[in-house]
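Q: Some labels in a structure description rest on cut-offs. Please set the values against them, one label at a time.

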Amino acid sequence: KQHESFLPSGIKLRWYSRGDGPLALFLHGFPELAVSWKFQFEALSDKYRVIAPDLRGYGGSDQPTNVRAYRFSTLCEDVTQLITVLGDGPVHLVGHDWGGAIAWEVAARSSHKVRSLAVCNCPPMPIMFRQIASWRQLRRSWYMLLFQVPRLPEHLMSLDPHATAVRVFRDSAVRPEVFD
């Protein structure tokens, strides 16, 4: 079921829900959307009220043009405000990739709103910053720097979207044979 909520900050988030029970809030990574969690919704909605928002800047949620609107602390505040708006906290908080970074920080800053935390593919920020300082990890994370350059990533990805998707998903996969 699709919903929209205006947070106290004035930002509108689109989110999806399924099921009843304790609230489990899922935060997607980059470049994903809330629908990335559809299989988890199917598996968990018989025991939980599963909710996944399109985070600020993604999908049907507001997409402010001011870069300052995407500060990490602001993104974390969006999630904290969404938990308050939903009114069913504390939540089971789950994050993947960039959503995992946000989940770590929300749990640290607002532990009273988080019952449990599960994060996939993202260490806590202090560990990430310590590891990114190594040449080995910096080589693996080069794309994060690329995405900081205005308009360049969008331009490069639009040159050949199919080839980009193949490169991102199949060529970088541990098991590329699972992608047809």
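Q: Why is Ser116 called partly exposed?
A: Ser116 has a relative accessible area of 31%. Buried means under 20%, exposed over 50%, and partly exposed in between, with a 1.4 Å probe and protein chains only. The value of 31% falls in between, so Ser116 is partly exposed. This is a predicted model, in which local features need pLDDT of at least 70 and side-chain atom pairs count only at pLDDT 80 or more, while totals for chains, interfaces and linings use all residues. Residues are numbered from 1 along each chain as its sequence is written, and side-chain values use heavy atoms, with hydrogens and water left out.

Q: What makes the pair Ser116 and His92 a polar contact?
A: Their side chains are joined at 2.5 Å. A polar contact is a pair of N or O atoms within 3.5 Å; within protein, one must be able to donate a hydrogen and the other to accept it, and residues adjacent in sequence count only if both atoms are side-chain atoms. The 2.5 Å of this pair is within that limit, so the term applies.

Q: Which residues is Ser116 in contact with, leaving aside its neighbours within four places in sequence?
A: Val91, His92 and Leu93. Contact means heavy atoms within 4.5 Å. Ser116 itself is found in strand β6, residues 114–120. Strands are DSSP runs of E with at least two residues, helices are runs of H or I with at least four, and both are numbered from the N terminus.

Q: What joins β5 to β6?
A: Six bridges join strand β5 (residues 91–96) to β6, and the two run parallel. Two strands pair if DSSP finds at least two bridges between them, so six are enough.

Q: What makes β1 and β6 edge strands?
A: The open sheet has six strands in the order β1-β2-β4-β3-β5-β6, with mixed pairing. β1 (2–6) and β6 each pair on one side only.

Q: How do you know that β1 and β2 pair?
A: They share five bridges in the antiparallel sense. The pairing rule asks for at least two, so they pair. Gln2 has Tyr16 in β2 as its bridge partner. The two strands form a hairpin with five residues between them, and Gly10 in the turn has a positive phi of about 100 degrees.

Q: How does Asp78 count, buried or exposed?
A: Asp78 of helix α2 has 4% relative accessibility. That value is under 20%, so Asp78 counts as buried. Leaving aside neighbours within four places in sequence, the contacts of Asp78 include Leu13 and Arg56.

Q: Why is α2 called roughly perpendicular to α3?
A: The axes of α2 and helix α3 (residues 98–109) cross at roughly 70 degrees and come within 9 Å. Angles of 65 to 115 degrees count as roughly perpendicular, under 35 as roughly parallel, over 145 as roughly antiparallel, and the rest as oblique. The crossing falls between 65 and 115, so α2 is roughly perpendicular to α3. Among the residues making the contact are Phe72 and Val79 of α2, and Trp98 and Ile102 of α3.

How values were computed. Axes are lines fitted to C-alpha atoms, for helices over the stretch in contact, and angles run from 0 to 180 degrees between N-to-C directions.
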